Amino acid sequence: MLILRSSPASPFGRKIKIAASVLGLEENLSIELADTNSPTDSLRQQNPLGKIPAMITEDDTVLYDSRVITEYLDFISEHKKILPSDASRFELLTKQALADGICDAAILLVVEKRVRPQEKWFDGWLNYQQEKIDRALTTFENGPLHFVAHNSPDAAQIALACALGYLDLRFEGKWRESYPNLLKWLNDFEAAVPSFEATRMQP
């Protein structure tokens, strides 16, 4: 049994849950909650960085971060693949990194506003992170957004859907007003990939 240490709100944990479902590994995956703020949570021994997600394999090897775990799930899947083995792999990995970067910046915005009183918010820092998100969304909006066949997305598409889902969760979906192509694509993704709705955390 594979053990995923994560939390319901994590877009990176959600990415792994969807990848496991798409690859037919869902029944082999056990989800265990992790508290990144607790010094007594075993997560800090499993991943010295104390970050989620972390995956414990059947031989007790611990894998992190989400991109490594995605690679591992694709490697062990016997039926489907979400990462190509030819040269197109690098374009896909780059798109996955861009989508993950949206989540990284969004999480930094959330943390800044969560841990500091408003009068101490650093506007320059907040703007810097928001500009990362805006540039990445514009890149996806203006680039080719490939169709997702029924329950067969690739790793970059999964990462992008989870990034948009996190913006919905934490920022009231304000991105939807400015990115019509992304909005249509996400609606199509949701219709094609049932695990996207199944892994949704309600605000």
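In α1, residues P11, F12 and K15 meet Q96, D100, C103, D104 and I107 of α4, where a contact means heavy atoms within 4.5 Å. The residues of this contact divide into four nonpolar, one polar and three charged; Ala, Val, Leu, Ile, Met, Phe, Trp, Tyr, Cys and Pro count as nonpolar, Asp, Glu, Lys and Arg as charged, and the others, Gly among them, as polar. The helix and strand names follow DSSP runs, numbered from the N terminus, with helices being H or I of at least four residues and strands being E of at least two.

Before we go on, a word about the model. It is a predicted one, in which local features need pLDDT of at least 70 and side-chain atom pairs count only at pLDDT 80 or more, while totals for chains, interfaces and linings use all residues. Residues are numbered from 1 along each chain as its sequence is written, and side-chain values use heavy atoms, with hydrogens and water left out.

Back to the helices. Two packed helices are described by the angle between their axes and the distance between the axes. For α1 and α4 the angle is about 145 degrees and the axes are 10 Å apart; axes here are lines fitted to C-alpha atoms, for helices over the stretch in contact, and angles run from 0 to 180 degrees between N-to-C directions.

Strands of a sheet pair through backbone hydrogen bonds, either parallel or antiparallel. Here four strands form an open sheet in the order β2-β1-β3-β4, with mixed pairing; two strands pair if DSSP finds at least two bridges between them. At the edges are β2 (29-33) and β4 (62-63), each of which pairs on one side only. Strands β1 (residues 2-6) and β3 (residues 54-56) run antiparallel and are joined by three bridges, and L4 stands opposite M55 in β3. Helix α1 packs on this sheet, touching β1, β2 and β3, and its direction makes about 155 degrees with that of β1. Helix α3 also packs on the sheet, where it touches β1, β3 and β4 and its direction makes about 35 degrees with that of β3.

Next, look at α7 (residues 180-192), which packs with α6 at an angle of about 110 degrees, the axes being 11 Å apart. These two helices are therefore roughly perpendicular to each other; angles under 35 degrees count as roughly parallel, over 145 as roughly antiparallel, 65 to 115 as roughly perpendicular and the rest as oblique. From α6, Q157, I158, L160, A161, L164 and D168 meet L182, W185, L186 and F189 of α7. This contact divides into eight nonpolar residues, one polar and one charged. Helix α5 packs with α7 too, at about 75 degrees and with axes 8 Å apart, so α5 and α7 are roughly perpendicular to each other. There, L137, F140 and E141 in α5 meet P180, N181 and L182 in α7.

What about the space left between these elements? Rolling a probe the size of a water molecule over the atoms shows where empty space is left. On a 1 Å grid over the protein atoms alone, a pocket is an open set of points where a 1.4 Å probe fits, with protein on both sides within 12 Å along at least five of seven lines, and lining residues have an atom within 4 Å of a point. Grid points are joined across faces, edges and corners, and a volume is the space filled by probe spheres set on the points. The largest pocket holds about 870 Å³. It is lined by 29 residues, with T36, K51, I52, I107 and V111 the closest to its centre. Two or more lining residues come from each of α1 (11-22), α3 (66-76), α4 (88-115) and α6 (155-171), and α4 has the largest share, eight residues. By class, this lining has 14 nonpolar, seven polar and eight charged residues.

The second largest pocket holds about 320 Å³. Of its 18 lining residues, E91, K95, P144, H146 and A156 are the closest to its centre, and α4 gives the most, with six residues.

Finally, some backbone details. Most residues other than glycine have a negative phi, and most peptide bonds are trans. A cis peptide bond joins I52 and P53, with omega about 0 degrees, and P53 is found in the loop between α2 (43-46) and β3. Another cis bond joins Y64 and D65, with omega about 5 degrees. N151, not a glycine, has a positive phi of about 50 degrees and lies in the loop between α5 and α6.
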